[in-house]
Every structure is written in C-alpha cells, then in structure tokens.
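Me: I am new to this one. Please take me through it in short questions and answers.

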Amino acid sequence: VADALDELLRGAAANPRVIGLAGGLPCPTLFPRRELTAAFLRALQTRDVPALQYAWPEGFPALREHIAARLARRGARVKADEIIVTSGAQQAITIAAQLVVRRGAAIGVDAETYPSALDAFRSLHLIPTTSPQTRVIYRMPAVSNPGGITMDDSQRRAALAHARFIIEDDAYGDLRFGGEPPVPLLATSRSRVLYVGTFSKTLGPGLRVGFLIVPAALHTRALRRKADDDLQTNSLSQAIVQEYLAHNDFDAFVQRLRRHYRRRAERLMAAVRRHLPAWSFQPPAGGFGLWVSADGRADEAAFLRRSIDAGVSFDPGSRFLTEGVARDQPTTLRLCFSAVPEDRIEEGARRLARAWTRLRSRAPARRARRRSGALR
Ligand SMILES: Cc1ncc(COP(=O)(O)O)c(C=O)c1O
C-alpha cells in the first residue's frame, strides 16, 4: 500500500546519489550468477527436469529432498514429502496463518516484527498482538527481523509452553554470523510448529522459492491452499534451485555470505557508534539490518525526507512496530548494511547524523514558536 513513506523510499531507491540503508535487500554482488546461469541452462536443456511444465502443488521431489537433507543437518528430521515448496516465505506465512488462525482471532507476534507478515495477517482479518496469551504465535527464533536477535533457551521454552501452534519463520536462519544456526523449533515439536524457510536471502529473492512444513494433520489442507492460491511454485525457479543445489556446495556458499554480512554489520555498528554515539542498538546475531533507537523523538516522515535530502535512506521504525509508536517512545529505525557498497557505510552514517542533528536543532525552535503563537 503506497503511503507517504513508501513514496519517499521509492524515490530514494531510484536515486543513485542516495546511500541505501533501507529495504532489507540481499547484496546484489553476492548472488551466485554464474552458478545460477549454469543451473538455468541445465534446467532447460535436461528433458527429465520439467522446467517448463506444470508440476504438482507440493513442488519438485528432488528439490524437496535437498531441503530435507539440509534441515536434517540443522537437527530437524522431516521427510521430503512433508515439505511444500512455496512462492517465497511470504506465501508460506500466509498459508500457515490461514490454517491455524480463524478470521477475527489474535495471533501473537513480537513488539517489533517483519512488516509484511503484519500486513498479511491483517489482510486475512487476523489481529496481530504482543499479548503472550494467544493460541498461535509467529516467531523468528534463529534470527529476527528487524532486530537480528536469536531467541534464548528460556524464550524458546516459553514459546513452546504457551502456544498451541507456532509459525516459525526461519528466513534468516542461514545467515547467523557466528556459530551454527540453532536447531529449529520444528525439531522439538512436529505437531505444533509450522515451519517457514526460503532461498530468498541466499540465492536471490527474485527466484521466489520458499518452503513450508506443517503438522501432518494439516498437510492436506495446506496443499489445498497452495493449489488454490497459484497451483504450484514456478517450475523454472524450482528447476534452477534444484540444479544449483545438485551441483554446488551451498553450505560453503552460505558460510561466505555469513562472513560477508558479519563484516558489513560490524562496519555499520562502528560507524553508528562514531557518528551517532547517543543512539543505541543491540548487536545483531545475523540478518541484514541493525535495529536502532535514536536519542529522542522526531517526526518520522520529516526525518526520512531530511535524510534522503542529505543522501541516505533508512527503514522507518513504525513499519515494524506491532502496536504502533508508543507515546514518548524514541524514534526507531532499521539500518540495512546488506546491500549498500561496503565503502559507503561510513558516509551513510555520517549523512544520517547530519540529518538528525539538523532536524533536532530546528525542532525546539519550531515548538517554541508554536507555543508563543498559541499564547498570543
Ligand atoms: C522475516 C522474513 N520472513 C519472510 C520474508 C519473505 O521472504 P520471501 O522473499 O522468501 O517471500 C522476509 C523478507 O524480507 C523476511 O524478512
């Protein structure tokens, strides 16, 4: 839904002068173009890979085998035929929510969460809430968006203790910077976890290949939803991903991505500490962005406009806030280190600091003028 902030961000994204700390995009120079091109050619040239044909709603068997094998290495044993290939994680989230939450019912989410999940839930007439007492919760246990936070053991236990169903969004699970990604909640409870995964953050979101695993009792209904929605996930994309996985060391590639994003995250954190020392953030454990709180409050649209004028963009925090911006809450924002050229990160933070300082130095004067006007 286009609103004023969207318009500003679209304009900024199209402007090469603007350093893009918005958007949460994977780094475009890291897409494995050569390997995917080879996979594309094989997919089209090999007769027994039906890249141009209709397929069953659950997706290509060999692709599902690869996904099952990767999940097994993460500690979650699922059979390939329990996996449904979806058009990105987004479709998996939507199908999952439709299966376990009735229209008009609440779904528990984090106070800061993935905005397109909030949008999807609201479009389905569900009510996202931060209340801990809901029957169904949506969580990102391995790496959250926007915070890049990993749930600790007590949070994992609490999630499993309270909810009847958990939608586990593992979109960034591969992109945890240090150590091995945690075992998915899926491994702990097959009967209560609806698991969402994707190749968007690694191979490329343009492929639109994600996946969904639901408890056995819900599998038939999930497939029905998938078929009703779009018959099947794009055959050509499935074939490309399948061929890529069959001929490349995906795990080694993912390790490279982790090191790359970690370096960028460290660079951005250092730049924010240097140029905006009064701002606060929790160092992310993975993902694409830094969730920061400013040292005070400003009109979000005005700050974004001023930042873009100064040559830098960011994701306004309000989009991630389930309950909206609270009174007296400082301005929050997500700064993405993922897609911006590494040598522009420092300058991005410098421009952001300039925009913030100018806005803040003008704000009291304007408020004072308004006050004196009211007195007259
Ligand atoms: C947490 C989270 N889940 C799901 C998605 C959607 O991913 P996909 O491109 O696979 O639909 C995103 C994309 O930004 C995301 O950040």
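Me: How many salt bridges does the structure hold?
Reply: This is a predicted model, where local features need pLDDT of at least 70, side-chain atom pairs count only at pLDDT 80 or more, and totals for chains, interfaces and linings use all residues. Residues are numbered from 1 along each chain as its sequence is written, and side-chain values use heavy atoms, with hydrogens and water left out. A salt bridge here is a side-chain nitrogen of Lys or Arg within 4 Å of a carboxyl oxygen of Asp or Glu. The number of salt bridges in the structure is 20.

Me: How many residues apart in sequence are the parts that Arg42 and Glu243 tie together?
Reply: The two side chains meet in a salt bridge, 3.1 Å from N to O. Arg42 lies in helix H2 and Glu243 in helix H9 (residues 235-247), so the pair ties together parts of the chain whose separation in sequence is 201 residues. Helices (H or I, at least four residues) and strands (E, at least two) are DSSP runs, numbered from the N terminus. The separation asked for is 201 residues.

Me: Is Glu243 buried or exposed?
Reply: Buried means under 20% relative accessible area, exposed over 50%, and partly exposed in between (1.4 Å probe, protein chains only). Arg42 has 23% relative accessibility, so Arg42 counts as partly exposed. Glu243 has 8%, so Glu243 counts as buried.

Me: Which residue forms a salt bridge with Asp170?
Reply: The closest N and O atoms of this pair are 3.0 Å apart, and the partner of Asp170 is Arg74. The pair links distant parts of the chain, 96 residues apart: Asp170 sits in the loop between strand S6 (165-169) and H7, its partner in the loop between H3 and strand S2 (83-86). Asp170 is buried at 5% relative accessible area. At 14% relative accessibility, also counted as buried, is Arg74.

Me: Where does Glu342 lie?
Reply: Glu342 forms a salt bridge with Arg264, with the closest N and O atoms 3.8 Å apart. Arg264 is buried, and so is Glu342. Arg264 is in helix H10 (residues 250-275), so the pair ties together parts 78 residues apart in sequence, and Glu342 lies in the loop between strand S12 (332-336) and helix H12 (345-375).

Me: Within what arc do the buried residues of H1 fall?
Reply: Helix H1 (residues 4-13) has Leu5, Asp6, Leu8, Leu9 and Ala12 as its buried residues. Seen down the axis of H1, they line one face of the helix because their arc is 160°. The arc is that of the directions from the helix axis to the C-beta atoms. The value is 160°.

Me: Which elements do the buried residues of H1 pack against?
Reply: The face of H1 turned away from its buried side carries the exposed residues Ala4 and Arg10. Contact means heavy atoms within 4.5 Å. The buried residues of H1 pack against helix H11 (300-310) and strand S11 (312-316).

Me: Within what arc do the buried residues of H11 fall?
Reply: The buried residues of H11 are Glu300, Phe303, Leu304, Ser307, Ile308 and Ala310. Down the axis of H11, these residues line one face of the helix, because they fall within an arc of 155°.

Me: Which residue just after H11 takes a positive phi?
Reply: The phi in question is about 100°. The residue is Gly311.

Me: How far apart in space are Pro330 and Ala294?
Reply: Pro330 is in the loop between S11 and S12. Leaving aside neighbours within four places in sequence, Pro330 is in contact with Ser293, Ala294 and Gly296. Pro330 and Ala294 are 36 residues apart in sequence, yet their C-alpha to C-alpha distance is 5.9 Å.
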